[in-house]
Amino acid sequence: MSLPTSLPKRQFLQLGGLALLAAASPWTAAQPRPAADAPAVVQHYAALVHAAYGDTLAAAEAMQAAIAAFVAAPSAEGLDAARKAWLAAREFYDQTDAFRFYGGPIDDDQGPEGRINAWPIDESYIDAVQGKPKAGLVNNPKLQITKANLAKANERGGEENISTGWHAIEFLLWGQDRSTTGPGDRPFEDYVDGKAPNADRRRQYLTVVTALLLDDLGGLVRAWAPGQRNYRARFEKGGQESVRKMIVGLGSLSRGELAGERMEVALNSQDQEDEHSCFSDNTHRDIVNNAQGILNVWLGQYKRRDGSTLAGPGLRDLVAARQPELAERTTAQIAASVAAAEAIQAPFDREIVGAKDAPGRLRIQKTIDSLVAQSKLLVDAASAIGITKLTLAKSKGKS
């Protein structure tokens, strides 16, 4: 088994992640970790996935309420509240990227991932931008703004022609980011009749695209709901094949997507257009929560929106039963990736610029190196539990 990588071999620094984990673990000496076998790990993973999508949907519903209040009576305060609600919901969604890359409900042939989280966006496909005051679907009176039409328009004519999802909403809330020190600063007057052209259509677009996002998130919650004839029921019966899918998800996010598409591309280009959440300058949190999502699945624990912790047998326990040292080395490396990601400073578009030894670039490179190292350990972990055919997905574009 091998993981495709464009990086040269190098020495990787192991950080002290075990202390971090000890502080977060819900188990004590008097409460040993539960016994783990493949069926138990798979069933707990399904519960964790359902919880994470459920929390994302609940946070998105709070965002929808804030957006509804804003479009009903546009104000600076209302726009700020809607932005804060978007940021809060992203904290949960970003952790769910660890459930991708194996053809599950999020990204099978009919999956909604491209409607939910595709990027980067050609902003002028959605709305007016600097120098193009009449651009975009918002300013096209021939387009009826409906869920079906926005979904149909997504990626029509080009992969950057994004009309739906988190980043379409982000652009509508923040506008273009033309600042080197902060996010976009769209005025609330863009949504006020008489203050900006097509303000009524802009309000409608924001309302409809948000409702479409909730529809897609709701579908994921249903696909993983317990006690139903759905994807979860099939996944829980999958045994070792489902374990393989779990590891494919973690390894593919670690290397191809997070280290590669979301970090290396921007580091090499030094272009703001290559950062994930460019309008809100939230990319640093995207990276942290992606890394945290990997740790969640590896450990089998997840901190819920209500502050409680869902804990049970994880991949670490399966590996520890065969090769304890490898299990702990992998745990430490994944924790090191989270710590390295947390050290990246905002805004990300300033971290990527400068010479190779610029402090921000070094912080990003350190995170990339740790993610690459952990992806190799995940391949070793799969082998330790008898999974010898492991193809880690390469990213098929930025999403």
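Helices (H or I, at least four residues) and strands (E, at least two) are DSSP runs, numbered from the N terminus. By this definition, the chain has 14 helices and two strands. The model is predicted: local features need pLDDT of at least 70, side-chain atom pairs count only at pLDDT 80 or more, and totals for chains, interfaces and linings use all residues. Residues are numbered from 1 along each chain as its sequence is written, and side-chain values use heavy atoms, with hydrogens and water left out.

Of the 399 residues of the chain, 56% count as buried (under 20% relative accessible area, with exposed over 50% and partly exposed in between; 1.4 Å probe, protein chains only). The chain exposes about 16,500 Å², by the Shrake-Rupley method with a 1.4 Å probe. Carbon and sulfur atoms supply 51% of that area. Among contacts (heavy atoms within 4.5 Å) with a separation of 6 or more, 76% join residues 24 or more positions apart.

A nonpolar core is a set of buried Ala, Val, Leu, Ile, Met, Phe, Trp, Tyr and Cys residues joined through side-chain atoms within 4.5 Å. The largest one has 111 residues. Helix α2 (residues 38-72) gives the most to this core, with 18 residues. Phe99, Trp166 and Trp224 have the most contacts inside the core. Residues up to four places away in sequence aside, Phe99 touches Tyr45, Leu48, Val49, Ala52, Tyr53, Ile106 and Val297.

Aromatic rings also pair in this model. Rings of Phe, Tyr and Trp (its six-membered ring) pair if their centres lie within 6.5 Å; planes under 30 degrees apart count as stacked, over 60 as edge-to-face and the rest as tilted. The structure holds 13 such pairs. One of them, Trp224 and Phe235, is edge-to-face, at 5.3 Å centre to centre and 65° between the planes. Trp224 lies in the loop between α7 (199-223) and α8 (231-236) and Phe235 in helix α8, so the pair ties together parts eleven residues apart in sequence. Trp224 is buried at 1% relative accessibility, and Phe235 at 2%.

Helix α6 (residues 166-174) is mostly covered, with nine of its nine residues buried. These include Trp166, His167 and Glu170. Their cover includes α2, α3 (76-93), α4 (113-117) and α7. Arg186 lies over the face of Phe171, at 5.1 Å from the ring centre (NZ of Lys or CZ of Arg within 6 Å of the ring centre and within 35 degrees of the ring normal). Just after α6, Gly175 takes a positive phi of about 75°.
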